[in-house]
Each structure stands twice: as structure tokens, then as C-alpha cells.
Amino acid sequence: MLITLTFSPANAQVIEGHYAGDESCKKCHLNIYKQYRKTGHPYKIQRLEGSPPIYPANTSPGVPHPPADKSWDDISYVIGGFQWKARFMDNEGYILTGKANRQYNLANDALETEAKWSGYDAGKAPRKPYTCGGCHTTGWEPTGQAGPHQDNLPGIHGTWAAPGVTCEACHGPGAKHVTEPKTVKLSISERCEDCHVRGDVNRIDAKDGLIKHHEQYEDLLASPHRALKCVACHDPHKSVFNDNGGFKGAKATCLTCHKDKEVKLAKKSAFECITCHMPRAAKSAMAVQHKFDGGAVMEGDIRTHIFRITRDPEWEMFTEDGKYVETDDDGKVFITLDRACLSCHKKKNLDWARKNATRIHNDN
């Protein structure tokens, strides 16, 4: 069984081979530490002591109020809250569920939506066990209802070495490395697919006309970029928000291979590769509907990593039951023109989009 301690370099020497804690990493990797602490990873779950959760300056506006029927003294942990949404755990470690006032959705500038409360998993109201530590904590050990339980809270069906996704969640337990850094090396292999995935990697899950959240790995596997690593485009120690450098930019990514794909339209000042090839076709917390001539399309708060656009006006992006992204006979998936074009060009229609799509790059 994993023993949870307040880690320090001294503790690391005692528990050789186990987790050292990110404060130990900070001593040698200060710049990387500072960058990673401004991402959402360390705040996937945060212990509260009767006051609101804290996020770094100029990152998240935070969660100003607890659920309407609770005080901060009633909340043991907040889940998330960095950019999209926050959920809450009661003083026994169970996640609060219900039809209203159970999920706080942060304001979204891209969608022009204000912060608001919503329900969460009402079918399991009023609460359910916390079993999400595999992607929200470091060193998660699932234990089930019988325990042991983190902080002796019966609603947490497991234990962890550290709350949030810290250095050792990706690089592995570092206590031995802390004591012998020149001889003991940690993993530098990419592990994004451990968490940015849902169920069967060969199917992209969907709901209500949008891809579900943390489906980026399935998106990538079904895309023309399946051979690429996530780090080809992302710096894993930096946030993609607040111009923090998490996305390396088109010049360092898209245009290294697609040198001939210049946007040919005169009015292209706001155009980036991701504008059309990575529309917000996925949802974590918020979504809006855009009406266009002849139809409507949903826009979520997460960009898809499918990249490939189809001009086929008959192609449906989602399966008939709406549960998955549609796949052709070769296993390919596609972004449809309503998502690539008509969430912006609302006065146009699909026929216009099909005829004009090739003008972007002057393709034949």
C-alpha cells in the first residue's frame, strides 16, 4: 500500500524508490517547475480548508462561490476550476451530484459565455464516490469501497501520493532520482495518452453533436497526424491558454511540413491553421449553437485534433445515434463544412461552403 506523506528531499531519502513530490523537482528544474505550475495539471484536484481554491495569478479567474446550498467548510476538495469547470467533493470525499448547483462553468471568452452553475450527473444524486484519481492525481492507487481511503474520507475510493497531475505523474516516482540524480534517470517518454483518452481508442465518443472531452488521443489516432507525438505541437510544461506557449505556433508546427499551404484569401488577418482544421467541435463545460442558412451547428469549448476536412455535403460527422464520430471504410474521420466554415459564415449555407472551401489554399 502506498503511504502518503508530506514530501521533502529528506523524506525522499527515507522512502527511496517512491514519490518525492514536485517541491523536490523544483530545486533543480526551477524554470520548468514555474511553467508547469501555470498549467491546469496541478489543479486537477485541490484540497480546501474552508476557503476558495487558489490558482496562479493571470491564469484562472477561479471559483468564487461554493454550491448554493453549501459553504466552503462543507467542501473537502475541488476538482478542476483552472479553465473550464469545477466540481466539488463533500466532507466525506464524495462528488456532489444533482440537477443544479453542482458544476461551476467558468466564463469562456471564445464562446462569449458568462460563468454559470449547472447540474452534474443527476442520475447519481445526491453524490457518488471519487474514482477519478488515475487522471487527476499522482500515484493513484484504486482501493474500492473497502479502502484504504485518501485522508480517511470514505468517498475517495483510493489513495494518492500527491493531488493533481504533478511532475511524477508523467516522469515516474522520483525519490531515487532526487538522491542519485546523476545515476538514476526518470522517464521522458510521452504519456499524454494515459489521460487524454476515453474508452476504446478506436472510437471517438460523442454526445449532443459534440465530441466528449479528453478525446484528443483518439482524435489524433484517426487523423492524418497519427504518426506524430503530442510534443511535436505542444510544450507539455506550458499552458495552451494565456499565450503561455503550450501550443508552439503554426510556424513551428503546421508550416514545417505544409509549406505550400498559404491562405490565399485577401481577408485572412484572423486566419490560423487551427481556425478551420481544429474547430471547437468538442465540449468540456460549455457549448453554443450557431444558426446558418439552412441549419445549425454546435460549437464547444475544446478544439478537435481530427484536422481532416471533407467537402462531401452528404457526410455526417457523427453516427446516427450520436454516440460516436463517424468513420469511413478506411478508418478515417472528418470535420464537416458546417463546423469548419459555417460557425463563422452564418449567412451562408453548405453549398456555398463546398464551392468556396478550395479557395482558402487555391487547391484544385
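## Pocket and cavity

Q: What is the volume of the second largest pocket?
A: The model is predicted. In this model, the second largest pocket has a volume of about 1,500 Å³.

Q: Which residues are closest to the centre of the second largest pocket?
A: The lining of this pocket holds 50 residues. Of these, the closest to the centre are Thr 275, Cys 276, His 277, Ile 309 and Ala 340.

Q: Which element gives the largest share of the lining of the second largest pocket?
A: The elements that give two or more residues are α9 (273-277), β15 (288-292), β16 (295-299), α10 (337-340) and α11 (350-356). The largest share is 5 residues, and the element it comes from is α9.

Q: What is the volume of the largest cavity?
A: The structure holds 1 cavity of 30 Å³ or more. For the largest cavity, the volume is about 40 Å³.

Q: Which elements give two or more residues to the lining of the largest cavity?
A: The cavity is lined by Ile 211, Lys 212, His 213, His 214, Glu 215, Gln 216, Asp 219, Ala 282, Ile 302 and Arg 303. The elements that give two or more residues to this lining are β13 (210-212) and α7 (216-221).

Q: How many residues of the lining of the largest cavity are charged?
A: This lining includes 3 nonpolar and 3 polar residues. Lys 212, Glu 215, Asp 219 and Arg 303 are in the lining, and Asp, Glu, Lys and Arg count as charged. The number of charged residues is 4.

How values were computed
Residues are numbered from 1 along each chain as its sequence is written. This is a predicted model: local features need pLDDT of at least 70, side-chain atom pairs count only at pLDDT 80 or more; totals for chains, interfaces and linings use all residues. Side-chain values use heavy atoms; hydrogens and water are left out. On a 1 Å grid over the protein atoms alone, a cavity is a set of points where a 1.4 Å probe fits but cannot get out, and a pocket is an open set with protein on both sides within 12 Å along at least five of seven lines; lining residues have an atom within 4 Å of a point. Grid points are joined across faces, edges and corners, and a volume is the space filled by probe spheres set on the points. Helices (H or I, at least four residues) and strands (E, at least two) are DSSP runs, numbered from the N terminus.
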